[in-house]
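Please look at the sequence and the model before reading on.

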Amino acid sequence: MPFKRSPLSYKLSAVIFISLSSCFFSMGQTITSNQKGADLQLWYNKPAENWNEALPIGNGRLGAMIFGRVDAELIQLNEETLWTGGPVDLNPNAESPKYLQEVRKLLFDGQSSQASELMKKMQGPNSNSYLPLGDVILKQKINGTVLDYSRDLNIANATSTTRFTADGVTYTREYFSSAPDQVIVMRLTASKPKALSVSLSLFNELIHEVSASGRNELVLKGKARINSDEQPELKQFIYKDSLGHNGMRFQARLKVVRTDGQVSADSVLNVRNASEILILISGATSYNGFQQYPDRNGKDENAAALKPLKVAARKSFPALKQAHVLDYQRYFNRVSLSLNQAGNLLTEKPTNERLAAYKAGTADYGLEQLYFQFGRYLLISCSRPKGIPANLQGIWNAEVRPPWRSNFTTNINLQMNYWPAEVCNLSELTEPLINKIKEMAVNGQHTAKNYYHAAGWAVHHNSDVWAQTNPVGEGTGDPKWANWAMGSPWLSQHLYEHYLFTGDKKYLKKTAYPLMKGAALFCLDWLIEKDGYLVTTPSTSPENSYILPNGKEEVVTIASTMDMSIIRDLFANVIDAAALLQTDQEFASSLKAKYARLYPLHIGKKGNLQEWYGDWEDVDPQHRHVSQLFGLHPGREISPLIDTVYANAARKTLEIRGDAGTGWSKAWKINFWARLLDGNHSYKMYQELLKNSTLNNLFDTHPPFQIDGNFGAAAGVAEMLLQSHLGTVQLLPALPDSWKSGHVKGLVARGGFELELSWENAKLTNARATAKVGGKLTLQTNVPVTINAADVVYQQLKTNKGIIYQSTVETQRGAIYDINIK
């Protein structure tokens, strides 16, 4: 089909719309607000000035950023499967295996720089990029002064509303992205009859055409690039290959399905003299799975976009909204959090003003609650069953060259996206990650074999919708990130965690265990012997560098602490899983023997946990990655309740690293300090993230925006209130002094226990546990308790952190257990 490219870029169009709105509001009009917020609402008394102030909605697949502009509204759209490229080349660097032994020899001989240079010859193509679906531009001529302006995002029901008054008319715009109906819904209303006249258009910076379909519908048809790039190495946009394999097709449809106004359309859709306008937006791509060429073998994106639109068009707005809210709330309402009885305190202030006051030192426990729940909102909105996992930006991206390609970065970021899923009672939302891991395992088998002549499956630094697994860098990437090879064992942790939280043995047997075993097989072939230990060689500590005693800076090492900790975690989980399934005991026995020979943790001269094979200085002592503490979090190897030696070394490591860093780095540190049972420092990191790494729309910023910090922080709050990684359920293990009283309901512990907790003066006052699976519950509290069950065993344990009260009971599936203070 013929395509035409618009002469305007996205950035230019954004500048134009900003100028229009800014001009309008600078001509003597004032914006005030008489609308008070609620405790689960973000709200503002002025439009978004840029994308980082717009408000996100999503149904897992379709996302939108709502700017809330008055005369030139911008609604930026995404569809989760719209990516550059196509299925991966399973053997992009056939020469790679011949370099491995030489790299290992160089490292054993102390020639790290030469090994690093040689490793570039073992690299392959970079990942593909996530792309925007397009923009909806809504223009409305406004007469008179704009008054009582407000825009909000209500995360209690996943709806966004913009409202303002002009010339005696109140205009309301309501938005939501419906999972049941798979459309974005917009309703525009005016308080006076026939007072609403708007024009609507569609735009995308990628090659596209826009046409009318009848008198009430616009259709944008576009094509994705077959190639990918990012700053500073920019490439020419290419949209097709000679074989017609790649270049994903996509479509966005905007339809006025109900109005009392007059509707007409050409390249712009016009509605005149209306009281109400109901608009539906659908979008689809030709993505047909990770192994299918999106152009030659792609799905019919036209049919995929039309089908939900036709069905939803037959429904009333109340019916659409009711289905949407019910669907969303079945996830969101599972967890509630109250801190210091904050309630609606300070909610009369716009969220950006609350955030500014918080940064200046004003206590705002309601904002802290809101940020936690906002993380849950985002995960519900960008990761749904049968979909694609949340990428670096969830599903929200406006750029055709997004930062870091908006891909799946597997050396922490993809994993952090899913840290809150299980504990925050959103277990089903891990399905996209689990399915993508399955796909990575398919491609990763070829990577392991073709790059290293190894068994099992391997994943490196980056992946994408096509489940890329090869080392990236294209021959010029720094091996400290490009050649990192521990993706499959780290991702396998999420497979086992899903079992631990759900108790689903069928899933463990059919899905998790085979994948975990495959990752273990790769690790067994990746490990080699040195000085009686099994070590990884080559090895890196993601994105970090070290200084040798001679002053030389290096990036590649032997047996980085992170490598060895991840492998220990994997081997332990595979051994446990084999025992649970009563299978594969010979393999489990061999893993036990190998586990005993893994290069151990070491403590450096500063009392810190050593990151490298030698006790070397970091090039950047405050580096954002704290990879050597994997065994503390998300692993379960280090804890003050296990061994104070390594726990104290972990604490020293964090003290040296400091409290600064990127948004996601601070989020990780929230979890680290919580695992060290230091609630006050964990809370300090939570405050640091809110104060210094949070945008006005509450998105986390690296900078720029990365969604992992939102998710990591939500997980960190849960970690302060509930921990279960050591086989016991710890209530309020890292409660900060500032949260003197509170209540949380719905957090989930491993073993499938759903908890409700209340506390006063930093002490538990009562709790309730619901056994979703059944089995032994071993509860640990900071005060003595009783459980309303027979045959409870009560103990007092002397630990490194003082007296812990332990209560053990066999639970029945579905039973509820009240926990009271003695």
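Which residues are linked with E174 in a network of salt bridges? R187, E276 and K321 are linked with E174 in this network.

## Basis of the report

This is a predicted model, in which local features need pLDDT of at least 70 and side-chain atom pairs count only at pLDDT 80 or more, while totals for chains, interfaces and linings use all residues. Residues are numbered from 1 along each chain as its sequence is written, and side-chain values use heavy atoms, with hydrogens and water left out.

## Salt bridges

A salt bridge is a side-chain nitrogen of Lys or Arg within 4 Å of a carboxyl oxygen of Asp or Glu. The count comes to 40 salt bridges.

One of them joins R384 and D327, with the closest N and O atoms 2.9 Å apart. R384 lies in the loop between α7 (365-382) and β18 (408-409) and D327 in helix α5 (residues 317-332), so the pair ties together parts 57 residues apart in sequence. Helices (H or I, at least four residues) and strands (E, at least two) are DSSP runs, numbered from the N terminus. Both R384 and D327 are buried; buried means under 20% relative accessible area, exposed over 50%, and partly exposed in between (1.4 Å probe, protein chains only).

D109 forms a salt bridge with K105, the closest N and O atoms being 3.0 Å apart. D109 is partly exposed at 44% relative accessibility, and K105 is partly exposed at 48%.

## Cysteines

A disulfide is a pair of cysteine sulfur atoms within 2.5 Å, and the count is zero disulfides. For C382, the nearest cysteine sulfur is that of C424, 14 Å away. C382 is buried, with a relative accessible area of 0%.
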